[in-house]
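Please keep the structure open as you read.

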Amino acid sequence: MPPSSLRVVYAFAREMHPKTSDVFIQYGTAGFRTKANLLEHVVYRMGLLAVIRSRVKNGRTIGMMITASHNLEPDNGVKLVDPDGEMLEQSWEEIATRLANVSDNDLESTTAEVIKEVNADMALKASVFIGMDTRYTSPRLAAAAANGVIALKGTPKEFGIVTTPILHFCVKCRNDNTYGTPTEEGYYEKIVGAFKNIRQKLPVSGDYNTTLYVDGANGVGGKKLNIIKKSLDGELDLKLFNLGGNGGKLNLNCGADFVKVSQKPPVGVEHAPFQRVASLDGDADRIIYYFLDDQNVMYLLDGDRIATLLASYITRQLAASGAHTLRLGLVQTAYANGGSTKYITEELKVPVSCVKTGVKHLHHAALAYDVGVYFEANGHGTVVYSDNAKKTIARIAREGEPEQRAAADLLLNFIDMTNETVGDAISDLFLVETVLCARGIAAPHWLASYQDLPCRQLKVTVQDRNAISTTDAERQCTSPEGLQSRINELVTTYKDGRAFVRPSGTEDVVRVYAEADTQLNADKLAAEVAQAVFELAGGVGARPELPA
Ligand code: G16
C-alpha cells in the first residue's frame, strides 16, 4: 500500500474518531481499559493495528474484543487476540500504546512508521474478527474498531455480542480448521457436544447432583448459558440468575470478581444450603464456585480449587491410560493461596510455577508442559495440551488395552470440552461439572481436599500507580523505596503471614494481597500494608482503615 493511501487513516480519525483527550492510556494486563468515553479513538487505532498484525502474520485472522470484563459498566476496553487465539504478543503492546497515544496529526506518520518497523506487507489481505460484550457503549466502540480495519483495507467480520472466549475460539478456528468451526454455533457444537458425549459415558453417581445455580454477573455469559441450557437435555440442570434484566447492573455486587474479592455471595441469586453456585464475570472469561452452609456461611471454591480439581483428575486419567511419559504442570500467580500451593506440591506432587498476573503470562508458562493447567485464583484459567500429548492420548484410545482405551477416550472428550485458547467460564464450568460427576462428589467434598489460608485483598488509590514496581513474579516490590522492607516487617508479626502489592493493569489502583493464620489477622495485615502503600506511594482520597 503506497504511503499516500494512509491519508484515509487520518481522515477517518479526524472526521469520525478524533482523539478528544490527552489522558495517557497504556496496554495493560488485558488490553486497554478505562472509562468508555476515553476509548473511541483508541479502539479505532487498534483496528488499524489489527490489520497490520494480520498482514505480518501472512493474512491470518486477528481478533478484537470490546470489553472491560470484570470492571463496572462505565468502563470499557479492547483486547487484541493473536492468530492462535492467544493474547497479543507482548512485544506489540508497546506499539499498541504508542499508536493509541499519538495526536491525530501524527497518526498517519506513526502508522507508516509502525508498518515499516514490523515489516508488514500492505499488499496482503487482512482479516479481523470483532466481538463485543453487553455494555451499552460496546456497539459504538465495535463500529470504531471496524472503521479502523476498513481504513487500512482489511476485512472486518463482526460477531455481535459474544463472550471473550468465544471470540478467541473463533479466531483460532479460522486460522486452524482442525480446531473447530469459527462460529458461535461451532463453539457450542464442540464444547457442549463434548460435555454431552462424556455424560453418556459417566453416569451420575454418588453425592453429585445435576443442579447448578449460576450467577451470570448481568453480563454475556448468563445469556449464552441460557441458549446452551435448552440443549442440555437434563444432563445438567442450570438455574440461571443475574442475566441482565430487572435492573441488574453488570458486575455490580455480583459476578466472579465481586464474590472472590469481597468473599460475599452476590446479590440477585437464590441460595439453598450446600447448593453449589458458579459465578461468572462480565465477559465470561472467569468462573469461581461457592456454596453456603445451613448457617449461611460462605465457602469459596476459587481458581486455585478449580486448578487442583482438574489437575488431579487429568493426572489420574493419564495414569489410567498408561500415558506415563506426559508431564503435567500447574501455573499460578502470587495470588494463589499458600494452602493450594502446599497441596499441589506435597499431595498432588505436580510441578508448579509462579508467574506475573495476567493470563498472557500463565498461558505461555503452561505451554512448557505436555499438559499445562493454569489458573489465577480469581478464576481465570484453562488447560493446554501439547501436540505430543494429544497424539499420545489419541494413539492409546485407538491401540491401548481396553481399560487404557476407555481412560484415553474420556480424556479426548475432556480435551474437546476445553477452550485451550484462553480462560473460559463456560468451558471451565463443563470441565468442573464433569470431574465432580466422575468422582461422584458434592461441593463440600471438593472443598475438603485442602484448607485455604485466610486472605484479604484491598485496593489503594495513589497519584500514579506506576510508582510501584515489582519483581519475582510480583512478590517483591522494588519501588518506592522502603515499601518492601516495611511489608517484610509487617509480615513477620503474623503467623503464616504473606503479603505483596502490585499496580493493577485493569483499574487505576494498587492491589494489596495478604494472608495469615486467621481471617482477622489477614484483614489486619492487608490494612497495614495498604496504609504503608498509602504513605509511601502517594495515596489519595480516604486513608485505608484498620479493621475494628
Ligand atoms: C484481567 C486479566 C486477568 C487479571 C485481571 C486483573 O481479567 O485477564 O489475567 O487477573 O484482569 O488484573 P489486574 O490485577 O492487573 O487488574 P479480566 O477478567 O478483567 O479480563
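What follows is a short report on the cavities and the ligand.

This is a predicted model, in which local features need pLDDT of at least 70, side-chain atom pairs count only at pLDDT 80 or more, and totals for chains, interfaces and linings use all residues. Residues are numbered from 1 along each chain as its sequence is written, and side-chain values use heavy atoms, with hydrogens and water left out.

**The cavities**

A search of the whole structure finds four cavities of 30 Å³ or more. A cavity here is a set of points, on a 1 Å grid over the protein atoms alone, where a 1.4 Å probe fits but cannot get out; its lining residues have an atom within 4 Å of a point. Grid points are joined across faces, edges and corners, and a volume is the space filled by probe spheres set on the points.

| Cavity | Volume | Lining by class |
|---|---|---|
| Largest cavity | about 340 Å³ | six nonpolar, eleven polar and nine charged residues |
| Second largest cavity | about 50 Å³ | four nonpolar, three polar and two charged residues |

For these classes, Ala, Val, Leu, Ile, Met, Phe, Trp, Tyr, Cys and Pro count as nonpolar, Asp, Glu, Lys and Arg as charged, and the others, Gly among them, as polar.

In the largest cavity, 26 residues form the lining, and His-70, Arg-286, Thr-357, Glu-376 and Asn-378 lie nearest its centre. Helix α9 (residues 255-262) supplies the largest share of this lining, three residues. For the second largest cavity, helix α12 (residues 359-366) gives the most, with four residues; the lining also includes Glu-86, Tyr-374 and Thr-421. Helices are DSSP runs (H or I, at least four residues), numbered from the N terminus.

**The ligand**

Where does the ligand sit? The ligand is in the largest cavity, by the rule that more than half of its atoms lie within 2 Å of the grid points. Around the ligand are 20 residues (a heavy atom within 4 Å), and Thr-29, His-70, Glu-376, Ser-504 and Thr-506 come nearest. By class, this shell has two nonpolar, ten polar and eight charged residues.

Polar contacts are pairs of N or O atoms within 3.5 Å. The side chain of Thr-506 places an N or O atom 2.4 Å from a ligand oxygen, and a backbone N or O atom of Gly-505 is 2.6 Å from an oxygen atom of the ligand. For the side chain of Asp-285, the distance from an N or O atom to a ligand oxygen is 3.2 Å. The protein covers 98% of the 460 Å² of accessible area that the ligand has on its own (Shrake-Rupley method, 1.4 Å probe).

How values were computed: A polar contact is a pair of N or O atoms within 3.5 Å; within protein, one must be able to donate a hydrogen and the other to accept it, and residues adjacent in sequence count only if both atoms are side-chain atoms. On a 1 Å grid over the protein atoms alone, a cavity is a set of points where a 1.4 Å probe fits but cannot get out, and a pocket is an open set with protein on both sides within 12 Å along at least five of seven lines; lining residues have an atom within 4 Å of a point. Helices (H or I, at least four residues) and strands (E, at least two) are DSSP runs, numbered from the N terminus.
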